[in-house]
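Look over the sequence and the model shown here. The report that follows goes from the whole chain to single residues.

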Amino acid sequence: MTTNAADAQARLLAIMTRLRDPLTGCPWDQRQTFDTIVPYTLEETYEVLDAIARRDYDDLRDELGDLLFQVVFYAEMAREQGLFDFAGVCNAISDKLERRHPHIFARRPGEDAAAAPGQWERLKARERAEKERPSPLDDIPDALPALMKAQKIQQRCATVGFDWTRLGPVLDKVYEEINEVMHEARQPVVDQDKLEEELGDLLFATVNLTRHLGKKAETALQKANRKFERRFRQVEAIIQAGGQTLPEASLEQMEAAWREVKKREIAG
């Protein structure tokens with residue numbers, strides 16, 4: 001083990017090269033491709049987020065290592081194909097950060113650092129134009145989680161003025177979409193494709209409301225998931241303490257336990 005960052009990086013890169021060695025490497029690592037590694041990258045990303053949510057910093061260190069290994073893996077496969085290497089990855093992000101922070105790295109006299117957020121989007125727009133991607137939507141990844149992608153689409157549209165400037169119309173749109181969902185759901189013969197479409201519109205409008213209130217939809221829903229899970233586990237404990245399992249308990253008993261859990265939370 002080394003405590004020097006450069007030595008630690010060199011050690012990791014050497015391990016990766018050895019794992020991919022065509023003659024003496026690990027068979028599993030040897031047969032991986034860009035495509036086959038993608039699910040692991042997604043999994044490791046969510047494990048990092050989970051460690052942060054749990055405030056488990058020892059686990060966070062390990063999970064960040066797993067995620068870094070994914071980056072090193074991609075870079076090694078790219079090096080083998082003559083595309084780029086790990087140094088190229090590091091230089092690319094360093095160049096981008098310096099380019100997008102001129103208020104820090106190329107500050108001119110009197111330049112206001114507070115203008116950085118708007119400047120960031122303007123610089124990104126200029127970079128898209130240079131890559132012949134003039135639309136603000138051109139470089140939004142398809143693989144983003146749906147809530148995150150919806151919010152990014154809305155943010156990009158807002159940069160060109162396609163956005164409400166007041167909260168009222170945003171909220172009205174949510175109510176409008178609820179009505180449209182219920183209209184489809186109450187049809188004598190429900191068109192499932194149309195119902196799904198309207199539910200998607202409702203979710204998109206709700207993400208927009210979340211954005212206008214200054215929150216991230218993905219984060220808000222993750223917190224709601226954790227809250228529900230925490231409460232449901234307490235409901236389960238209450239039911240079991242009463243000598244029953246969840247399948248044996250009635251809905252009324254579970255709802256009473258749920259109300260008890262919420263009352264305990266309010267009481268602190």
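## Contacts and overall make-up

Among contacts between residues at least 6 apart in sequence, 50% join residues at least 24 apart. The model behind this value is predicted.

The chain contains 12 helices and 0 strands. Of its 268 residues, 24% count as buried. The chain exposes about 18600 Å², and carbon and sulfur atoms supply 57% of that area.

## Cysteines

The structure holds 0 disulfides.

## Helices α8 and α10

Two packed helices are described by the angle between their axes and the distance between the axes. Helix α8 covers residues 146-159 and helix α10 covers residues 192-212. They pack at an angle of about 65°, with their axes 9 Å apart. The crossing of α8 and α10 is right-handed.

On the α8 side, the contact is made by L147, A150, Q151, I153, Q154, Q155 and A158. On the α10 side, F204, V207, N208 and R211 take part. The residues of this contact divide into 6 nonpolar, 4 polar and 1 charged.

Leaving aside neighbours within four places in sequence, E198 is in contact with E177, E180, V181 and E184.

A51 is found in helix α3, which runs over residues 34-54. With a relative accessible area of 0%, A51 is buried. Not counting residues up to four places away in sequence, A51 touches D56, D59, L60 and E63. One of these, E63, is 12 residues from A51 in sequence, and the two C-alpha atoms are 7.6 Å apart.

A257 lies in helix α12, residues 251-267. A257 is also buried, and its relative accessible area is 4%. Which residues does A257 touch, if those up to four places away in sequence are not counted? They are V235, I238 and I239. A separate distance concerns A237, which is 20 residues from A257 along the chain: the C-alpha atoms of A257 and A237 are separated by 9.2 Å.

## R55 in a loop

R55 lies in the loop between α3 and α4, where α4 covers residues 57-80. The relative accessible area of R55 is 54%, so R55 counts as exposed, a word used for values over 50%.

The backbone is the other point to check here. Most residues other than glycine have a negative phi. Phi of R55 is near 55°, a positive value in a residue other than glycine.

Terms used: Residues numbered from 1 in each chain as written. Predicted model: local features only at pLDDT ≥ 70, side-chain atom pairs only at ≥ 80, totals over all residues. Heavy atoms only, no water. Disulfide = S-S within 2.5 Å. Axes fitted to C-alpha atoms, helices over the stretch in contact; angles between N-to-C directions. Helix = DSSP H or I, 4+ residues; strand = E, 2+ residues; numbered from the N terminus. Left-handed = near helix turned anticlockwise from the far one by under 90°. Contact = heavy atoms within 4.5 Å. Nonpolar A, V, L, I, M, F, W, Y, C, P; charged D, E, K, R; others polar. Buried < 20%, exposed > 50% of the residue type's maximum accessible area, 1.4 Å probe, protein only. Areas by Shrake-Rupley, 256 points an atom, 1.4 Å probe, with all protein chains shown as cover.
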